[in-house]
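Please look over the sequence and the model shown below before reading on.

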Amino acid sequence: MTTYLILLIAAFVWPLQPLPTIFGTIILIVFIVMLVNNRLIVMRVRKRMNESQFTGRMMEQAVKISENNVVRYVPRDKYIYNLYGHLIPENGLTVEEWKSHVHPDDLEPTLAAFYRLLEGKSNSEDFFYRWNFEFGNGEPRWGFLHNVSVAEYTQTAGTKRLQSIISTLLDETELRRQEEEEGELTDKYKLIFEHSIIGLSFYSPDGWLLDSNKIMRDICHFDSEAYDEHFYKTNLFDASPFLECCDRHNVQDLWICSESIIPERDIQDYLEIHLHPIRDDLGKLIYIAVAARNVSEERQMYLQAKLNDQQLQRVNEEIKHYEEELRYMMDSCDMLAWRITLDRDCIEFYQGLSTVSKSLTLKQLQSVFVDQENAFVRSLESPAEAISKPLSFLGQVYPVISENRTELQWVQLNSIPEYDEKGNLTGSFGVFRNMSNVMMKQDQLRRETERANDSGRLKSVFLANMTHEIRTPLNAIVGFTDLLPVIDSPDDKREMIRLIHNNCDMLLRLINDILVLSNVDANAMEIIVSEVDFAQEFANTCISLAQRVQEPGVEFQQVNPYESLKTYIDSGRIQQVITNFVTNAVKYTHQGHIQVGYRIEERSGRQGLYVYCEDTGSGIPKEKQDAVFERFVKLNDFIQGTGLGLSICKAIIEKCNGEIGVESEVDQGSTFWFWIPADIMEIKEKTTTA
């Protein structure tokens, strides 16, 4: 290019100048051209250097991004240099050192690849080998390297010579581990899929069979594991009439249980089938999963069970009855399971058979027993000997589960020894039953037996008293009736008539008590409520009761705080209770007063009437106050009566869902009271005048 430029300039200048001048001019032009050419060469060199530096930086960044390691092997030096990365030391390795880090099983094929490069049989090699990342004295840390090696040649005098081998190393240890894990997971899922307990098949979104497991092939009678023309060429949506209800363009979950019949496959089974669409994250259908289970045997068993239902019904009823009795027994028994473990030196109490409610050492267990001299308790000092045979214990202990040590418990312990597979004693297992209620019931049964015996005795006394009580007024009535015609004095006649009337009233009350008692025993006593003015009824009752008080030193008092009190009660029954209270007060009061009253009182959130009868009679001892409401109980055998009145009162009040009681002190008098629920409709206070 430069020569052509010089000739072109000379061609223009040559005809115009003398010969010496022409040579000078040519020299000047050549000099100028050389300067320009050198300037252009410098600019091109700088441009190529910049491009080379930019390319180098780009290549360096690419190596960093790809996390590659680059090394150079120089055959002349028999040394491997580290160009980039951290797989080998910064100062490089000798060939022997490099060989020592290659896994012995991979060394031969790795060297073979490098020999092909060294011998010129190949320009590049791509291979894998295991590499020891440990450069200290520790245990080898093997990983996988992906090696891509390229031979670098120089051209000298037409001769091509190997200068070095450039190797790019990529650590694929983590990638290999992930691939192995994914492979193991895939194999695991394949194993699960193939050996599932139900039949599984996968279909394409348009309904063509992709794969199925062994159970599904057995259900469908596949000819082989790999391929069956009938099923692979039959579309899912055309395979069975029951899928006609399924929209193939919008597949949804479907559960079906029906009889499947495919004559050409000799299939006639009852199948339970679940069709489930599998979609990607965007909701696009990618597979259709079908799960099937052959329920023919189950159906046959169901039909057979249905045929046997009638025969088993009686047995089932007996079993049900037995289960109810067993459930009642377990609910009634305060029972815990317990286990002694020798090697841990502990005893654990279970709520059920799994939840530990309490854990004690064997020494602590021994301390809960009250009788420390008991043979069983003393045997716990050698627990292995104590539990080596079945044991049973009944006695008193301090509460085990609760921390309350004030109330003792009766417990029954039963257990059997437990052994390991070698026959060594490991502990024992049994039940820990709280027998306090049972012992209490036994004690109560003993008392009730004594009470029943007393009741029989009292009934005998009652019959004797009843004979006496009935005969007494009858004798008076008959006697005075016989004397009445022969008496001339009007005053004497009036007195006899009064005595006859009193004895008739006494006899009537006696018979009424017997009738009420019979109704109570037969559970035939009824409480019939109606709207009454209790204030008025109470006033009328007190007028009648005042006539019963005939002792000159006894004052009858009534406390009626209202002029009108409308409520719903059984007025007749309440009047009967008040009458019994006053009658008893009259019998035992000879000085002072008998006061009958009432007030409105609320208990447990309900309105009610509190009625009382207070007297200043002989009173009742504390130890006998609980017995006065029992039948046939008389505190004084010389007082006329059957001992039924207060028991009848208690039965009436309890029938009204009320409460009854007595407060008394000897020689100070008694107050009998009762409270019954009553809805107050209207109250009118008494008016007072100045």
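Does W98 count as buried or exposed, and at what relative accessibility? W98 counts as buried because its relative accessibility is 8%, where buried means under 20% relative accessible area, exposed over 50% and partly exposed in between, with a 1.4 Å probe and protein chains only. This is a predicted model, in which local features need pLDDT of at least 70 and side-chain atom pairs count only at pLDDT 80 or more, while totals for chains, interfaces and linings use all residues. Residues are numbered from 1 along each chain as its sequence is written, and side-chain values use heavy atoms, with hydrogens and water left out.

**Aromatic pairs**

- Rings of Phe, Tyr and Trp (its six-membered ring) pair if their centres lie within 6.5 Å, with planes under 30 degrees apart counted as stacked, over 60 as edge-to-face and the rest as tilted; by this rule the count comes to 17 aromatic pairs.
- One of these is the edge-to-face pair of W98 and Y129, with 6.2 Å centre to centre and 75° between the planes.
- Because W98 lies in helix α3 (residues 95–101) and Y129 in strand β4 (residues 124–132), this pair ties together parts that are 31 residues apart in sequence; helices (H or I, at least four residues) and strands (E, at least two) are DSSP runs numbered from the N terminus.
- Y129 also counts as buried, at 1% relative accessibility.
- W98 and Y129 belong to one aromatic cluster together with F114, F127, W131 and F135.

**Charges over rings**

- A charge sits over a ring if NZ of Lys or CZ of Arg is within 6 Å of the ring centre and within 35 degrees of the ring normal.
- R176 lies over the face of F128, at 5.0 Å from the ring centre, and the charged end of R299 sits over the ring of Y270, 3.9 Å from its centre.

- Three strands, in the order β18-β20-β25, form an open sheet with antiparallel pairing, where two strands pair if DSSP finds at least two bridges between them.
- β18 (530–533) and β25 (680–685) stand at the edges with a single partner strand each, so one side of each is left without a neighbour in the sheet.
- Strand β20 (residues 562–569) pairs with β25 in the antiparallel sense over five bridges, and S564 stands opposite K684 in β25.
- Within helix α15 (residues 534–546), F534 and F538 lie four residues apart, about one turn of the helix, and both are buried.
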